[in-house]
Amino acid sequence: MLGRVNHIAIAVPDLAAATSTYRDTLGARVSQAQALPEHGVTVVFVELPNTKVELLEPLGPDSPISAFLEKNPSGGMHHICYEVDDIVAARDTLKAAGARVLGDGNPKTGAHGKPVLFLHPKDFNGTLVELEQL
Ligand code: CO
């Protein structure tokens, strides 16, 4: 079911500072900041040779990463995103195996304009898992 790691997401309290660290100190190529109101975050993608790192900053009062940053004020690894060929088939297989799909269970459009789903961290060793259909 799982393909490549599409990205690793890190929640950050200060997106400009985090972007500067990756661009200026680590020398990585970074995207422009992109506001995603539907997801309650602003994102910057760090482009690496084999994958991406997604820096996430809360956007709006109901951001899904606000509680995470309250618990982890300096930021922290938030989720890992795996690519799948067929997100609905993957969801159905996972649900049949007892895994919990977050939200209403239907794919949303993610930061790359592709369908995504999130899986409950308690079902995956404490790691929030995102699936993205390419
Ligand atoms: Co993501």
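Author: Happy to. Let's sort the residues by class: Ala, Val, Leu, Ile, Met, Phe, Trp, Tyr, Cys and Pro count as nonpolar, Asp, Glu, Lys and Arg as charged, and the others, Gly among them, as polar. On that basis, 16 nonpolar, 12 polar and seven charged residues make up the lining of the largest pocket. Here a pocket is an open set of points on a 1 Å grid over the protein atoms alone, where a 1.4 Å probe fits, with protein on both sides within 12 Å along at least five of seven lines; lining residues have an atom within 4 Å of a point.

The model is predicted, with local features needing pLDDT of at least 70 and side-chain atom pairs pLDDT 80 or more, while totals for chains, interfaces and linings use all residues. Residues are numbered from 1 along each chain as its sequence is written, and side-chain values use heavy atoms, leaving out hydrogens and water.

The volume of the largest pocket is about 840 Å³, taken as the space filled by probe spheres set on grid points that are joined across faces, edges and corners. Its lining has 35 residues, and Pro-64, His-78, Leu-102, Phe-118 and Leu-128 are the closest to the centre. Two or more lining residues come from each of β4 (41–47), β5 (52–58), α2 (66–71), β6 (76–84), β8 (115–119) and β9 (128–133); these elements are DSSP runs numbered from the N terminus, helices being H or I with at least four residues and strands E with at least two.

Strand β6 also holds His-79. With 2% relative accessibility, His-79 is buried, a word that means under 20% relative accessible area with a 1.4 Å probe and protein chains only. The His-79 side chain makes polar contacts with the side chains of His-78 at 3.0 Å and Glu-130 at 2.9 Å. Such a contact is a pair of N or O atoms within 3.5 Å, one able to donate a hydrogen and the other to accept it, and residues adjacent in sequence count only if both atoms are side-chain atoms. Leaving aside residues up to four places away in sequence, His-79 touches several others, including Phe-118, Leu-128 and Glu-130, where contact means heavy atoms within 4.5 Å.

Helix α3 packs its buried residues against β6, β8 and β9. Those residues are Ile-87, Ala-90, Arg-91 and Leu-94.

Definitions and conventions: Buried < 20%, exposed > 50% of the residue type's maximum accessible area, 1.4 Å probe, protein only.
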